Amino acid sequence: MINTAIFIGAAAAVTLVALAASDAQAGNSKEIYQRSYYSKKPMRGYEGHVGLDYYCTYKRFPIRKCKWNGRREICKIVKWELEQTCY
């Protein structure tokens, strides 16, 4: 359910970037759009060309929570960040 909502949000963001492409073309400069999404499991984002001259890519980052047990630090991934950039 959350993955579907995040995918729909990402698709809406890509659509907004595509619609803004015509405004960016008027000044011969592209606008960079970046958005982060968080979830409990790693997600896939859209990567590829959107609209006229925009390209979107994504990166996944684990968010860890670490504890010291007296001898060493033990880390656990508690959630993931998906960072999507369109340029």
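Reader: In this chain, what share of the contacts with a separation of 6 or more comes from residues 24 or more positions apart?

Author: Keep in mind that this is a predicted model. Take the contacts in the chain with a separation of 6 or more, then pick out those between residues 24 or more positions apart.

Reader: OK, and what pattern does the chain follow along the sequence?

Author: Start with the inventory: the chain has 1 helix and 4 strands. Reading along the sequence, you get the pattern α-β-β-β-β.

Reader: In what order do the 4 strands sit in the sheet, and which are the edge strands?

Author: The sheet is open, its pairing is antiparallel, and the order is β1-β4-β3-β2. An edge strand here pairs on one side only, and that picks out β1 (33–39) and β2 (48–50). On average, neighbouring strands of this sheet are turned by 35° against each other, direction ignored.

Reader: How many bridges join β3 to β4, and what is the bridge partner of T57?

Author: Strand β3 covers residues 54–68 and β4 covers residues 73–86; they run antiparallel, joined by 13 bridges. For T57, look across to β4, where the bridge partner is T85.

Technical notes. Residues numbered from 1 in each chain as written. Predicted model: local features only at pLDDT ≥ 70, side-chain atom pairs only at ≥ 80, totals over all residues. Heavy atoms only, no water. Pairing = 2+ DSSP bridges. Helix = DSSP H or I, 4+ residues; strand = E, 2+ residues; numbered from the N terminus. Axes fitted to C-alpha atoms, helices over the stretch in contact; angles between N-to-C directions. Contact = heavy atoms within 4.5 Å.
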